[in-house]
Amino acid sequence: MGILLFSFLGSGGATGQFGPAPLGQLVHACVLLTIPNLVFLVTFSVFLVVMFRKAAAAYIGVLLIFICFLIAVSTRSESSHVLLVELLDPFGYCAVKHIIDKMDILELNTAYLTVSTALLWNRIIWGAVSILLFGTSFLKYKFKHFVAQTAKKPRRQKEPECLPQEEPFQKKCGNTAFVPAYGLRTSLTKSVGFAWLEMKSMFRSPIFSLIMFTLFLMFLGYNLLWTSAHYLTTSHLPLTSVMTHARIPMMIVIALMLLILSGELLFKDRSSGVWLLTDAMPTPSWVFVLSRWLTMGSLAFFIASLILVAGLVSQLAMGFTDIEWGLYIRDLYGSRFGWMTALQIITLAFFCGALFNSRLKGHIFSIGIFMFIAMSVDYKLIEQYRFGFSFVPGGFGPEKYNYSQMNGYGVLDAGLFWYAGAWTALAALFFVITLLLWNRGVDRSLKERWQMLRQKLPTSSGRVLAVTMILCLFLFGCFQYGIHDNLIRKAGYRTKAQKEAVAAAYEKKYAKYRETPQPKVTNLDLTLDLFPAKRQAAYTARLELENKTGEPMDTLHLDWDQKLTVAELYCDGHSLEKLEEDSEFRHAIYRLQPALAPGNTMGLNIKATLAYKGFHQSDFQGDLTYNGSVLGTDFLPFFGYDRSRELDENKKRLRQGLDLLDSRMDRVDNLFSRANRFESVQSDSLTWNMVISSDGDQTVIGPGERVNAWQEKGRNYAKFRSEHPGSMDFKIISARLATRAFDCQGVACRLFHDPRHTYNLQVVEDAMQKAVSWLSGKLGPYPYSVARVVEKPLYDEDFITFANVTAVSEAHGWTADIQTDKDGQYIYLTMARELARQWILDALKTADVQGAELLTQSITQYYAFRFMDETWGPGQTEKWLDKAYKDYEKDRADEAIEEKPLILVDKAAYLSKENGSISWVIIAHLRIKFCLLFDGKVAFFISFCNTYKNSGEQNTMS
């Protein structure tokens with residue numbers, strides 16, 4: 001209904017962002033999915049209530065169904081029994097996901113959902129289950145059982161004739177009874193004693209024990225069977241970070257369980273009919289509340305310990321003993337969805353129950369608030385964690401894993417204290433309000449409870465609670481101010497909408513300079529000092545700039561990165577007159593006097609610092625981090641208009657009033673872009689000399705030949721120079737690394753890795769030796785004197801190749817479990833692909849136009865497939881092509897403009913890497929020449945498929 005009414009409400013319709021509501025498709029989905037799923041949930045809940053005669057049975061049953069659903073969703077993509085998973089999913093989600101993964105954007109918006117065989121049988125099976133449950137419930141239901149059960153419960157009555165005075169447990173109607181006084185120590189002892197009794201009562205329940213055992217089996221199965229395969233590229237060794245990650249996908253399940261059980265326990269005296277006894281007891285009310293909070297806290301601690309035990313059992317069962325005990329404690333018992341977070345969630349449930357004085361309303365509001373916050377954070381409706389109760393940096397982030405063995409949580413740890421402190425202070429405030437509002441025994445209206453509160457506040461205990469409330473509010477405000485100061489003011493955090501608006505404003509203001517010619521960098525002399533512990537750097541550089549156009553250049557445009565501060569900027573033999581400096585968009589315009597004549601060069605001198613300020617909640621800021629910095633060339637000013645800052649998704653451009661893009665890159669007939677190099681538009685051919693220093697415990701990796709390395713004043717220095725001109729797309733890496741040196745048929749090879757990651761070094765070395773040897777036979781001698789492969793932190797999963805260096809994430813083989821051939825072969829495949837890229841980038845100077853990645857990425861993937869076939873035997877290409885095609889089918893749905901034919905690929909990795917490799921294999925098999933003349937959008941792709949089919953060979957594409 002919301003979608004149907006949307007256009008009538010005026011939202012979005014005026015800007016043309018939303019098309020007409022697809023009524024038929026919506027009705028089709030409603031009949032096929034929504035209604036049957038609701039029917040199943042209702043009949044299943046009714047069935048459980050009828051069979052067990054308790055409403056709690058429905059809560060637990062639905063929770064277990066939800067747990068099973070999460071398991072099905074998580075195992076679907078990597079399970080060897082996909083059909084079975086799709087059939088056992090009660091909601092049909094897995095079968096639907098399998099269908100829509102292969103649909104493009106147009107189909108996702110307009111097409112009817114195709115009913116596959118798996119989806120049809122799923123609907124039939126679970127429809128039959130719903131009918132069976134309904135029939136059983138209809139036959140078993142006896143009204144007299146529920147009437148009799150209700151009649152046994154004592155009715156709670158109000159006592160309007162008397163309100164409590166200063167002490168709510170001391171009644172003064174008639175004769176005043178003696179009420180024993182309890183000291184704080186006695187009351188706390190009673191709270192602990194009551195909590196212990198509640199815990200024993202819980203664990204005596206067979207249903208509760210079954211739930212805990214089921215949770216343990218889930219954690220165990222998660223770790224043993226499918227965690228690594230689902231979240232990483234290869235099967236992963238059972239690292240402690242992988243074991244503790246189980247709490248993240250299970251967060252919703254655990255939170256819902258704690259919220260429900262907290263509400264039930266808080267109102268236990270009323271729901272069990274013993275409220276008359278507890279109301280008559282002279283024990284203060286806060287003792288009962290505290291005891292139940294301690295009970296739930298102990299339960300949360302037990303669940304965290306279940307994850308710990310499941311992790312240890314999994315690690316030891318797989319023969320892995322490199323256990324990080326500190327990480328277990330931090331993750332499972334800390335504030336990143338560990339035990340401390342669970343205490344905050346429990347307090348939310350107590351607060352809602354006390355505020356509304358109703359078990360049902362407490363459930364509704366506590367679950368509703370938590371689910372709203374969790375879903376809002378997940379779908380980026382709440383972008384700043386400071387507005388999402390219990391969310392902290394590093395617990396629920398942008399990557400599959402936020403933890404890296406090389407760098408820990410990195411900068412995300414810097415803000416943890418402030419976020420955890422804020423939510424702890426707020427939870428403490430909730431708890432104090434719970435103590436003030438909670439009344440045991442008889443029901444009282446909000447007005448009556450307000451009168452009780454007014455009478456309680458003047459007492460000594462009331463004053464203590466009031467002061468505690470003020471203190472909690474003050475601390476919450478202080479922590480929130482600290483977050484705002486560090487995140488917004490210092491770090492310059494922007495929401496997605498703010499980033500869009502800034503990018504659009506930059507384009508509107510400076511796009512007129514898009515094709516303004518700028519000088520090219522031909523030589524770089526750099527002295528760079530890195531300070532990883534401070535996330536800072538300082539450098540002096542001299543850039544040699546050449547005018548490679550046919551016209552004089554009298555204007556210089558400079559863009560700079562947010563973390564860059566330029567202290568000095570001057571030219572040799574030329575003056576720079578600042579015409580404009582735009583600090584908001586980080587763009588400056590200088591007049592160059594005299595103008596730089598065609599073919600002439602000049603020296604530009606820069607002295608600058610780099611520094612990250614404050615902290616961030618989700619950006620790893622991996623270019624300057626504590627261990628594993630990967631600093632790109634953006635530490636230098638950018639000459640000209642920076643097209644990478646433009647919005648490249650048409651829906652965003654439409655929102656910002658910009659022209660829609662036909663492509664992310666210019667066509668081959670654009671002379672300006674054709675004169676630029678794809679890898680770096682700032683330089684066609686660069687030579688360099690660099691002196692780089694870093695902290696004494698870190699190794700520096702740079703491009704080209706390492707001329708010298710030394711230590712001075714507790715710092716490590718290294719000097720690098722170019723062996724021959726290259727592209728200006730290099731990185732500078734600084735990390736705590738161990739080195740493994742060996743020879744690959746005359747080529748000096750170096751592996752730089754985390755000292756702890758020695759698990760697969762022999763395999764990585766063998767892959768590098770074989771790949772260098774094979775590629776040398778196909779592409780000629782290795783173009784550099786030394787080949788380097790460097791490990792970088794896990795959260796940066798992209799492969800980086802420049803000059804003679806390839807940087808590989810922790811996620812790709814360093815800690816892989818290579819017991820299966822597929823996982824070991826993946827290391828060989830990626831090594832061959834990235835080393836082939838070094839050869840290709842050295843040999844080709846690709847223009848910055850459509851189709852560039854066909855040469856720089858697709859060909860390297862093709863060579864990797866050939867290497868695998870000749871190294872591991874026939875059938876490798878077919879296996880890896882099948883995976884590439886599945887990835888292509890899935891990733892094409894994320895295309896933000898429109899899918900181009902391969903010859904016009906425009907920075908679309910799913911085309912160049914996945915589809916491109918398929919086409920190159922077909923071309924090679926057919927032994928035909930590659931031609932650049934194609935006028936049909938899909939002619940290139942389809943014609944090769946048809947020709948390949950007609951050749952009588954097996955069709956790899958199918």
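User: Where is Gln621 found, and what makes Gln621 count as buried?

Analyst: This is a predicted model. Gln621 is found in the loop between strand S7 (601-611) and S8. Its relative accessible area is 5%. Buried means under 20%, so Gln621 is buried. Phi of Gln621 is near 50°, a positive value in a residue other than glycine.

User: What is phi of Ser390 near, and why is Ser390 called buried?

Analyst: Phi of Ser390 is near 80°. That is a positive value in a residue other than glycine. Ser390 has 1% relative accessibility. The limit for buried is under 20%, so Ser390 counts as buried. The place of Ser390 is in the loop between helix H18 (359-378) and H19.

User: Why is Gly477 called partly exposed?

Analyst: Gly477 has a relative accessible area of 36%. Buried needs under 20% and exposed needs over 50%. The value falls in between, so Gly477 is partly exposed. Gly477 is found in helix H21 (residues 460-490). The C-alpha atoms of Gly477 and Ala422 are separated by 7.7 Å, although 55 residues apart along the chain.

User: Why is H19 called roughly perpendicular to H20?

Analyst: Two packed helices are described by the angle between their axes and the distance between the axes. H19 and helix H20 (residues 446-456) pack at an angle of about 105°, with their axes 9 Å apart. Angles of 65 to 115 degrees count as roughly perpendicular, so H19 is roughly perpendicular to H20.

User: Which residues in H19 meet which residues in H20?

Analyst: On the H19 side they are Leu435, Leu436 and Leu437. On the H20 side they are Arg449, Leu453 and Lys456.

User: What makes a set of residues a nonpolar core, and which members of the largest one touch the most other members?

Analyst: The members are buried residues of nonpolar types, joined through side-chain atoms within 4.5 Å. The largest nonpolar core has 108 residues. Met212, Leu215, Phe219, Leu258 and Ile303 touch the most other members. Helix H19 (residues 416-437) gives the most to this core, with 14 residues. A second, separate core of 107 residues includes Leu604, Ala807, Ala836 and Tyr863.

User: What does Met212 touch, not counting residues up to four places away in sequence?

Analyst: Met212 touches Met257, Leu299, Phe302, Ile303 and Leu306.

User: How do you know which strands stand at the edges of the five-strand sheet?

Analyst: The sheet is open, with the order S15-S16-S17-S19-S18 and mixed pairing. Strand S15 (738-744) and strand S18 (800-802) each have a single partner strand, so one side of each is left without a neighbour in the sheet. The twist averages 15° from one strand to the next.

User: How do you know that S16 and S17 pair?

Analyst: Two strands pair if there are at least two bridges between them. Strand S16 (residues 747-753) and strand S17 (residues 786-792) have five bridges, so they pair, in the parallel sense. The bridge partner of Ala748 in S17 is Val786.

User: Which strands does helix H25 lie across?

Analyst: Helix H25 (residues 761-779) lies across S15, S16 and S17. H25 runs at about 35° to S15.

User: What is the order of the three-strand sheet, and what makes S8 and S11 the edge strands?

Analyst: The order is S8-S14-S11, in an open sheet with antiparallel pairing. Strand S8 (629-631) and strand S11 (699-701) each pair on one side only. S8 and strand S14 (residues 732-735) share three bridges in the antiparallel sense. Ser629 stands opposite Ser734 in S14.

User: In which sense does S10 pair with S1, and in which with S13?

Analyst: Strand S1 (residues 520-531) and strand S10 (residues 687-695) pair in the parallel sense over seven bridges. There, Leu524 stands opposite Trp688 in S10. S10 and strand S13 (residues 715-721) pair in the antiparallel sense over seven bridges. In that pairing, Ser694 stands opposite Asn716 in S13.

User: What is omega of the cis peptide bond that joins Gln593 and Pro594?

Analyst: Omega is about -10°. The place of Pro594 is in strand S6 (residues 587-596).

How values were computed: Residues numbered from 1 in each chain as written. Predicted model: local features only at pLDDT ≥ 70, side-chain atom pairs only at ≥ 80, totals over all residues. Heavy atoms only, no water. Buried < 20%, exposed > 50% of the residue type's maximum accessible area, 1.4 Å probe, protein only. Helix = DSSP H or I, 4+ residues; strand = E, 2+ residues; numbered from the N terminus. Contact = heavy atoms within 4.5 Å. Axes fitted to C-alpha atoms, helices over the stretch in contact; angles between N-to-C directions. Parallel < 35°, antiparallel > 145°, perpendicular 65-115°, else oblique.
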